[in-house]
Every structure is written in structure tokens, then in C-alpha cells.
Amino acid sequence: MTITITAFERSPDGGKGLARDMRVRWALEEVGQPYDVRLLSFKAMKEPAHVALHPFGQIPTYEEGDLALFESGAIVFHIAERHAGLLPDDANARARAITWMFAALTTMEPPIFDRDLAKVLERDEPWYERRLRVLEDSIRKRLGDLSRRLGDADWLDGAFSAGDLLMVTVLLRLKGSGILDEYPNLSAYVVRGEARPAYKRAFDAQLAVFTAASTG
Ligand code: GTB
């Protein structure tokens, strides 16, 4: 059955893989599932046809036969459950990998995403410098804890899993901030994620969308 996901027609990040369709593309590449992409403008995302798929009018969505999903974490989880390669077979190891998926999205991502948002939306506000400091303190606290847990392992819990996939996509948002460089094992962890052939295929596919939109 054909899988169709949605993505930005023109991603505001210029194709750097920061929009959340990237994690879905990467998961599909890891498990070797082909997929189609329906590209949406910001306007089309708010139209009834898309809101029927995604109540908040956002990307990504996932359609496969009569199944329609939204929320990138839920989509990656679905892909990992249906196809081998992203979750271990052992029940306890699987539960731990799922725990890391939640940790990436609910513990690590919020301050990292809020920092990016503040840089765009609050830059001219009188509280901006203080807000940035608070968010960066909170990010450093989380990164320090994660760095200690990862130690010198390649991945968070044994073999590469959907937990690592989500964690790497979250940490990638810190690229260029200098903050990640303070934790060499986490920087190396992100580089390991980016070096995976499936990541590269996903990255190139979403970059090609931006390049086509810019030259077309
Ligand atoms: N919790 C949802 C999920 O994980 O799927 C969040 C989905 C979401 O935030 N989607 C964003 C969206 O559709 C795109 S990814 N925004 C349009 C809207 O809300 O109208 C967030 C995002 C946007 C832009 C960049 N960027 O340019 O760097 C990075 C990430």
C-alpha cells in the first residue's frame, strides 16, 4: 500500500532538515519503505482537506490505505512497530527504546524548540536576553544529563533505535548554536546519526524539494 506523507512546499529552514517531516522520512528510509510526498503551502495546511487529516493544520501527516496519522512521534512509532529495524524484539529493550522516544520529544525537545522560537518571535522584546539565558540553562542541564547517560556508547541503549532517531533530530536543532559542541560525546552522537545512509537519503530528498522550489 502506498505511503504518502506531507511536507512544506518551501521549508522556512531552506532545506536543512529541521522540519518534522525529516524524522518521518528518515524512519521510512531506515526500514526501506518507499513513500510519496504531498507538498503543502502554509495556506493549504489550513484548508479543510488537510485539517481533516491534521486537526492543527500542520505537517507532517501520514496516509496508508485508510489509516491517517499526524504527530511525527506517533508516525515514527507506527513505522517502527510495523517494520523491522527501529525497535528491538526483546520486550524490555523495546520498552526502553520507546522510553527514549518519549524522552526526546517531551524532555529534550521543548526547551530546544522554544529557544529557536524565541530567537524568531521575541528578539525585540525587553525580556529577550533573560528568556534566552533561562532556556539555554535548561537546555544545558538536559544535555549534561544526556551526555552522562550516553557516555562513550554509540547509541542510547544498545543498537540504533527509533529513540536515537528522534533524539538526533531534536539535537540537530542545536547545530550552529555552539551549545552542542560543549558536549563532545553528544556532538559525535549526532554526527553518527547524520552519517547513516538512511539519514542521508532522507536529507537529500527534503533538500531537493527546497532546491526545486527555489529554482523552479
Ligand atoms: N508536534 C507536532 C509533530 O511533531 O508532528 C508538531 C508539528 C509542527 O510543528 N509542524 C510544523 C508546521 O506544520 C512544521 S515542523 N508548522 C506550520 C504551522 O503550524 O502553520 C516545525 C518547524 C517549522 C520550521 C522549521 N524551520 O524552518 O527550521 C523547523 C521546524
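Author: Let's begin with a term: helices here are DSSP runs of H or I with at least four residues, strands are runs of E with at least two, and both are numbered from the N terminus. Keep in mind that this is a predicted model.

Reader: Thanks! How many helices and strands are there in the protein chain?

Author: The protein chain has 9 helices and 4 strands. Read from the N terminus on, their order is β-α-β-α-α-β-β-α-α-α-α-α-α. The radius of gyration is 17 Å, close to the 17 Å that the globule rule gives for 216 residues, so the protein chain is as compact as a globular protein of that length. Along its principal axes, the C-alpha trace spans about 50 × 45 × 30 Å.

Reader: Now the backbone. Is the peptide bond from I59 to P60 cis or trans?

Author: Here is the general idea: most peptide bonds are trans, and most residues other than glycine have a negative phi. In this chain, the bond from I59 to P60 is cis, and its omega is near 0 degrees. To find P60, look in the loop between helix 3 (48–51) and strand 3 (61–64).

Reader: And what is the phi of E71?

Author: E71 is not a glycine, yet its phi is positive, about 75 degrees. You will find E71 in the loop that links strand 4 (67–70) and helix 4 (72–82).

Reader: On to the ligand! Which residues come nearest to it?

Author: To read a shell like this, count a residue as near if one of its heavy atoms lies within 4 Å. There are 15 residues around the ligand, and R20, K46, I59, E71 and S72 come nearest. By class, the shell holds 8 nonpolar, 2 polar and 5 charged residues.

Reader: Which atoms of I59, E71 and S72 lie by the ligand?

Author: The cut-off for a polar contact is a pair of N or O atoms within 3.5 Å. I59 places a backbone N or O atom 2.8 Å from a ligand nitrogen. From E71, a polar side-chain atom lies 2.7 Å from a nitrogen atom of the ligand. In S72, an N or O atom of the side chain is 2.6 Å from a ligand oxygen. On its own the ligand has 670 Å² of accessible area, and the protein covers 80% of that.

Reader: And what is the space taken by the ligand?

Author: That space is the largest pocket.

Conventions: Residues are numbered from 1 along each chain as its sequence is written. This is a predicted model: local features need pLDDT of at least 70, side-chain atom pairs count only at pLDDT 80 or more; totals for chains, interfaces and linings use all residues. Side-chain values use heavy atoms; hydrogens and water are left out. A polar contact is a pair of N or O atoms within 3.5 Å; within protein, one must be able to donate a hydrogen and the other to accept it, and residues adjacent in sequence count only if both atoms are side-chain atoms. Accessible areas come from the Shrake-Rupley method with a 1.4 Å probe; for residues, only the protein chains shown count as cover. On a 1 Å grid over the protein atoms alone, a cavity is a set of points where a 1.4 Å probe fits but cannot get out, and a pocket is an open set with protein on both sides within 12 Å along at least five of seven lines; lining residues have an atom within 4 Å of a point. A molecule sits in a cavity or pocket if more than half of its atoms lie within 2 Å of its grid points. Ala, Val, Leu, Ile, Met, Phe, Trp, Tyr, Cys and Pro count as nonpolar, Asp, Glu, Lys and Arg as charged, and the others, Gly among them, as polar. The radius of gyration is taken over C-alpha atoms; the globule rule is 2.2 Å times the number of residues to the power 0.38.
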